[in-house]
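Hi everyone, thanks for making time this morning. I'd like to walk you through a structure and stop at a few places along the way.

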Amino acid sequence: MTLLNDRTVGLPAGLLEDLRAAVGEQHLLLDPDLLPSYEQDWTGRFSGRAGCVVRPADTAQVAAVVRACAAAGVPLVTQGGNTGLVGGGVPAGGEVVLSLRRLTALSEVDRAAGQVSAGAGVTLADLQRHVRAAGAEFGVDFAARDSATVGGMAATNAGGIRVLRYGSMRAQVLGAEAVLADGSVVTRMGGLTKDGTGYDLVQLLIGSEGTLGIVTALRLKVVPLLRSSCVALLAMGSTQAAVDLLPVLRERLPHLAAAELFHEPGVQLVRRHSGLPAPFEGDVPAYLLLECLDRTDPSEDLLELVAQADGLLDARVATDAASARALWAYREAHTEAINAEGVPVKLDVSVPAAALPGLVEQLPTVVAAVAPAARTVLFGHVNEGNLHVNVLDAVEAHDAVTEAVLQAVAQRAGSISSEHGVGRAKPAWLHLSRSTTELAAMRAVKGALDPQGLLNPGVIFA
Ligand SMILES: Cc1cc2nc3c(=O)[nH]c(=O)nc-3n(C[C@H](O)[C@H](O)[C@H](O)COP(=O)(O)OP(=O)(O)OC[C@H]3O[C@@H](n4cnc5c(N)ncnc54)[C@H](O)[C@@H]3O)c2cc1C
């Protein structure tokens with residue numbers, strides 16, 4: 001028997017039966033009480049009603065779901081851990097939500113190749129545990145590790161805190177399996193690091209945000225597990241001083257694995273919600289958190305650099321795991337502390353490194369011009385010129401704030417989305433980062449692979 005409700009009445013007759021046949025009764029979710037966690041994003045900024053939620057167990061079931069939706073002409077929204085910050089994984093209204101969290105297979109780590117295969121629904125934390133048990137490490141890391149899935153990370157080309165050492169998700173993916181919009185399956189899991197046989201379909205899927213195909217498995221690179229670490233939190237005289245230190249860091253610290261920038265308003269929020277003590281006496285113009293990872297203790301090099309850094313006001317250095325975690329908490333707790341204050345306008349941008357200090361200085365003024373009561377909190381991955389712009393108390397001025405910030409970024413030849421994607425949040429501003437010719441080529445690719453426009457409609461393109 002099919003239980004109909006006000007969500008499902010819009011779905012064509014027969015589709016629910018086909019979906020039930022594809023994934024089984026238990027994994028076709030129709031009960032309105034079970035759907036809300038799939039219908040709203042992590043920040044509470046994006047929500048929409050799902051026609052239903054399906055939870056396939058493997059690639060064959062994903063393909064059967066896609067074939068059923070394609071035959072019925074019903075759009076799909078693919079969802080992994082639902083930690084994305086641009087609304088790409090939540091329905092706009094009436095779509096079938098395809099949750100990939102049950103695709104959790106992991107292969108043994110192939111030590112000869114330095115690779116591992118993972119189902120799209122494997123969380124980053126589970127992948128880390130798995131490869132560490134085999135004496136290896138995964139090159140991408142960020143705070144949403146307990147929920148974010150490798151499929152979602154590939155689809156958004158996630159970056160995080162280790163990009164300066166290992167690159168973003170794109171650099172870790174050596175193969176993929178994906179279901180295309182007609183339900184056909186492309187399998188390219190061989191993991192060849194050299195392959196000159198024409199268009200790279202695997203890389204085309206990276207950063208495509210579920211609009212070109214549904215990733216069901218990935219062949220991923222692993223990197224050496226480096227157990228010796230040293231973390232330093234630097235109080236800098238200015239953002240400019242932090243940016244000026246970058247070439248010195250790259251030259252003198254070959255084992256540098258993270259360089260994170262944040263500011264006093266963010267630290268105040270983190271302290272309010274976590275109870276952490278002040279890291280230094282008095283207000284600090286710019287905080288720079290550095291982490292070195294190596295086989296042997298990297299403390300000496302880091303301490304030497306810290307002692308000689310221009311623009312340094314004060315520093316704290318941690319050489320044991322507990323005090324390193326305590327210093328990282330000032331940075332990693334930013335997103336949750338901001339969310340605890342209310343729903344922010346949330347933008348993730350990047351500019352050339354030299355332009356970063358000017359942008360940091362200008363943004364509060366740019367925001368205040370359109371939202372005078374707003375509080376602007378900035379933090380980010382300084383080596384990539386990547387700034388996470390969070391504006392609190394400005395939800396009613398969402399579009400005006402977005403426009404003002406993204407125009408300031410575009411004026412500095414920056415990107416309107418550095419690592420979170422375009423999603424449903426930024427299609428209206430995509431032209432600020434992509435030329436008319438590029439947009440036409442991107443639409444042509446989308447039209448060729450998904451002619452009915454069934455995969456994540458409204459994501460990337462309005
Ligand atoms: C506290 C916090 C910190 C974060 N820090 C960072 C950070 O430092 N760096 C960073 O890059 N991101 C960060 N993020 C954003 C987010 O975690 C990443 O974008 C992550 O890659 C999303 O993974 P997910 O499985 O949650 O994907 P979802 O949110 O479920 O989906 C994201 C997008 O990918 C698509 N998608 C998901 N799975 C698949 C699949 N298998 N095939 C095709 N398309 C798919 C969805 O349709 C959607 O468009 C952070 C988020 C939070 C909440």
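A quick word on terms before we start: when I say two residues are in contact, I mean that they have heavy atoms within 4.5 Å. And please keep in mind that this is a predicted model.

Let's begin with Glu-95. You'll find Glu-95 in the loop between β3 and β4 (96-99). Is Glu-95 buried or exposed? With a relative accessible area of 4%, Glu-95 is buried, because the cut-off for that word is under 20%. So what is around it? If we skip the neighbours within four places in sequence, the contacts of Glu-95 are Arg-49, Ala-50, Gly-51, Cys-52, Pro-75, Leu-76, Val-77 and Arg-424. Take Pro-75 from that list: Pro-75 and Glu-95 are 20 residues apart along the chain, yet 5.2 Å separates their C-alpha atoms.

Which residues come nearest to the ligand? Out of the 35 residues around the ligand, those are Thr-78, Gly-80, Thr-83, Gly-84 and Thr-149. Thr-156 places a polar side-chain atom 3.0 Å from a ligand oxygen atom. A polar backbone atom of Gly-160 is 3.3 Å from a nitrogen atom of the ligand. And for Met-153, a backbone N or O atom lies 3.5 Å from an oxygen atom of the ligand. How much of the ligand's area does the protein bury? Taken alone the ligand exposes 970 Å², and the protein buries 97% of that.

Which elements give two or more residues to that shell? They are β3 (76-79), α5 (150-156) and β9. Of the elements, α5 gives the most, with five residues. Sorted by class, the shell has 21 polar, twelve nonpolar and two charged residues.

β9, residues 214-221, pairs with β5 in the antiparallel sense, over five bridges. In that pairing Gln-115 stands opposite Lys-221 of β9. Strand β5 covers residues 115-119, and five of its five residues are buried. That goes for both faces: Gln-115, Ser-117 and Gly-119 are buried on one side, and Val-116 and Ala-118 on the other.

On to a helix, α11, residues 264-274. Its buried residues are Glu-264, Gly-266, Val-267, Leu-269 and Val-270. What covers them? Strands and helices both contribute, including β12 (256-262), β13 (286-294), α13 (321-332), α14 (334-341), β16 (375-381) and β17 (386-392). After α11 comes Gly-275, with a positive phi near 75°.

Two more stops, and then I'm done. Ser-350 lies in strand β15, residues 345-350. Its relative accessibility is 14%, so Ser-350 counts as buried. Away from its neighbours within four places in sequence, Ser-350 is in contact with Glu-384, Gly-385, Asn-386, Val-409, Gly-414, Ser-415 and Ser-418.

Finally, Leu-439 sits in helix α17, residues 436-449. Again leaving aside neighbours within four places in sequence, Leu-439 is in contact with Leu-430, His-431, Arg-434 and Phe-461. Gly-380 is 59 residues from Leu-439 in sequence, and their C-alpha atoms are 28 Å apart.

Terms used
Residues numbered from 1 in each chain as written. Predicted model: local features only at pLDDT ≥ 70, side-chain atom pairs only at ≥ 80, totals over all residues. Heavy atoms only, no water. Buried < 20%, exposed > 50% of the residue type's maximum accessible area, 1.4 Å probe, protein only. Helix = DSSP H or I, 4+ residues; strand = E, 2+ residues; numbered from the N terminus. Pairing = 2+ DSSP bridges. Near = heavy atom within 4 Å. Polar contact = N/O pair within 3.5 Å; in protein donor to acceptor, adjacent residues only side chain to side chain. Areas by Shrake-Rupley, 256 points an atom, 1.4 Å probe, with all protein chains shown as cover. Nonpolar A, V, L, I, M, F, W, Y, C, P; charged D, E, K, R; others polar.
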